[in-house]
Amino acid sequence: MALLPILTAPDPRLKKKSLPVDTVDAGVRQLMDDMLETMYDAPGIGLAAPQVGVLKRVIVLDIDREDTKTGPLFMANPEIVAASDEDVSYEEGCLSVPDHYSDVVRPATVTVRYLDRDGKQQDLACDGLLATCVQHEIDHLDGVLFIDHISALKRNMILRKLLKARKEQERDAAEGRPPKAHPKEDPEHVI
């Protein structure tokens, strides 16, 4: 397994639509394993292939908590096949939008259909944090970030801050300064 670099907004690759996986083969399983290791290291609870620069419809999740035990979930070609009429709001963050959080309204429950790590079709009913996480990661596959669900004013403020931080990093690197220590994200809200 290998740690993969995580793209951050406003990287244009995050806005591209991912292509379906033809079959879950050894290459896709390796991608899933590398993504899971990268997600744990970040730390986060979900990661989509576009976030590591791979435009394939692949996501990994692990929302294990004391009250919820899912273990790692590997999904190729996930799609929402049912969603509740009831909505919930959850404060979301994202490994591709570091240090920024915002409330996002999504359906409270969804059913997702996907190919598992063995290439078998599965349907999974999701509620609570799992439902939010699945929808967040599927959005990534369609080039949508959680900040696309908030007001344009707040989104533009966040993007300006991220662009400024990136320029500072590039300037420091060009001047031979070591990168500034970046605190680890709170994995509770980083999807």
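Modeller: Happy to! Keep in mind that this is a predicted model.

Colleague: Which residues have the most contacts inside the largest nonpolar core?

Modeller: The general idea is that nonpolar side chains tend to be buried together in soluble globular proteins. Here, the largest nonpolar core has 19 residues, and Leu-130 is among those with the most contacts inside it, as are Ile-59, Leu-61, Met-75, Val-112, Cys-126 and Val-134. Strands S2, S3 and S6 and helix H2 each supply at least two residues of this core. H2 gives the most, with seven residues. A second, separate core of 17 residues includes Val-21, Ala-42, Leu-47 and Val-58.

Colleague: Now the sheet: in what order do its strands lie?

Modeller: In general, strands of a sheet pair through backbone hydrogen bonds, either parallel or antiparallel. This open sheet has five strands in the order S1-S2-S3-S6-S7, with antiparallel pairing. S1 and S7 are the edge strands, each pairing on one side only. From one strand to the next, the twist averages 40 degrees. Seven bridges join S6 to S7, and Val-110 stands opposite Cys-126 in S7. Helix H1 lies across S1, S2 and S3.

Colleague: How far apart should the ends of helix H3 be?

Modeller: At 1.5 Å a residue, the 23 residues of H3 should span 33 Å, and its end C-alpha atoms are 32 Å apart, which agrees. Arg-155, Ile-158, Leu-162 and Asp-172 of H3 are buried, and what covers the buried residues of H3 includes strand S5.

How values were computed. Residues are numbered from 1 along each chain as its sequence is written. This is a predicted model: local features need pLDDT of at least 70, side-chain atom pairs count only at pLDDT 80 or more; totals for chains, interfaces and linings use all residues. Side-chain values use heavy atoms; hydrogens and water are left out. A nonpolar core is a set of buried Ala, Val, Leu, Ile, Met, Phe, Trp, Tyr and Cys residues joined through side-chain atoms within 4.5 Å. Buried means under 20% relative accessible area, exposed over 50%, partly exposed in between (1.4 Å probe, protein chains only). Helices (H or I, at least four residues) and strands (E, at least two) are DSSP runs, numbered from the N terminus. The expected span of a helix is 1.5 Å times one less than its number of residues. Contact means heavy atoms within 4.5 Å. Two strands pair if DSSP finds at least two bridges between them. Axes are lines fitted to C-alpha atoms, for helices over the stretch in contact, and angles run from 0 to 180 degrees between N-to-C directions.
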